[in-house]
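Welcome! Here is a short briefing to read alongside the model, grouped by topic so that you can look up each place as you go.

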Amino acid sequence: INARKKILKDKGAAPTDLEEEVAKALFDIEVTPSSDIKADVRDIMITGAQELEVKNRVALIVHFPYRIWKHVRKIHGRLVREMEKK
């Protein structure tokens, strides 16, 4: 198992460096023994990621497949906190 399996792209589309970084952060959360959302993150994949500058700060926008959104919404708050640590 590696972070690359956390990225779901169309055939032939290569993931960007930012998408690989987000996937690695998700994978790190999944393998961290002390994480309370470890089991929930196992099912989550991303389809894209982009950075957006808002009021002199950079926001990270992560795109999830629609069928996974139900799982993401359930753990959204905890997932954001864990991602901010990374």
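## A buried lysine to start with

K6 counts as buried, because its relative accessibility is 5%; buried means under 20% relative accessible area, exposed means over 50%, and partly exposed lies in between (1.4 Å probe, protein chains only). This is a predicted model, in which local features need pLDDT of at least 70 and side-chain atom pairs count only at pLDDT 80 or more, while totals for chains, interfaces and linings use all residues. Residues are numbered from 1 along each chain as its sequence is written, and side-chain values use heavy atoms, with hydrogens and water left out.

- You will find K6 in the segment before α1; helices (H or I, at least four residues) and strands (E, at least two) are DSSP runs, numbered from the N terminus.
- The side chains of K6 and E30 are joined by a polar contact of 2.7 Å.
- A polar contact is a pair of N or O atoms within 3.5 Å; within protein, one must be able to donate a hydrogen and the other to accept it, and residues adjacent in sequence count only if both atoms are side-chain atoms.
- Setting aside residues up to four places away in sequence, K6 touches A23, L26, E30, V41, R42, I44, M45 and I46, where contact means heavy atoms within 4.5 Å.
- K5 is also placed in the segment before α1, and K5 counts as exposed at 58% relative accessibility.
- Between K5 and A23 there are 8.1 Å in space, C-alpha to C-alpha, and the two are 18 residues apart in sequence.

**The largest nonpolar core**

- The largest nonpolar core has 17 residues, and L26, I37, V41, I44, I75 and L79 touch the most other members.
- α1 and α3 each supply at least two residues of this core, and the largest share, 6 residues, comes from α1.
- A nonpolar core is a set of buried Ala, Val, Leu, Ile, Met, Phe, Trp, Tyr and Cys residues joined through side-chain atoms within 4.5 Å.
- L79 touches L26, I29, I37, V41, I44, F64 and V72, not counting residues up to four places away in sequence.
- E82 lies in helix α3 and is buried, with a relative accessible area of 15%.
- Leaving aside neighbours within four places in sequence, E82 is in contact with I29 and I37.

**The largest pocket**

- The volume of the largest pocket is about 710 Å³.
- On a 1 Å grid over the protein atoms alone, a pocket is an open set of points where a 1.4 Å probe fits, with protein on both sides within 12 Å along at least five of seven lines; lining residues have an atom within 4 Å of a point.
- Grid points are joined across faces, edges and corners, and a volume is the space filled by probe spheres set on the points.
- Which residues lie nearest the centre of the largest pocket? Of the 22 lining residues, they are L60, V62, V80, M83 and E84.
- At least two lining residues come from each of α1 (17-31), β2 (57-63) and α3 (69-85), and α3 gives the most, with 7 residues.
- Sorted by class, the lining has 15 nonpolar, 1 polar and 6 charged residues.
- Ala, Val, Leu, Ile, Met, Phe, Trp, Tyr, Cys and Pro count as nonpolar, Asp, Glu, Lys and Arg as charged, and the others, Gly among them, as polar.

**The loop between β1 and β2**

- K55 lies in the loop between β1 (48-54) and β2, and N56 has its place in the loop between β1 and β2 as well.
- The phi of K55 is near 50 degrees, a positive value in a residue other than glycine.
- For N56, phi is near 65 degrees, again a positive value in a residue other than glycine.
- K55 counts as exposed at 77% relative accessibility, and N56 counts as exposed at 73%.

- P65 is found in the loop between β2 and α3, and P65 is buried, with a relative accessible area of 8%.
- Beyond neighbours within four places in sequence, P65 is in contact with L8, M45, I46 and T47.
- T16 is found in the segment before α1 and is partly exposed, with a relative accessible area of 38%.
- T16 and G48 are 32 residues apart along the chain, and their C-alpha atoms are separated by 8.4 Å.
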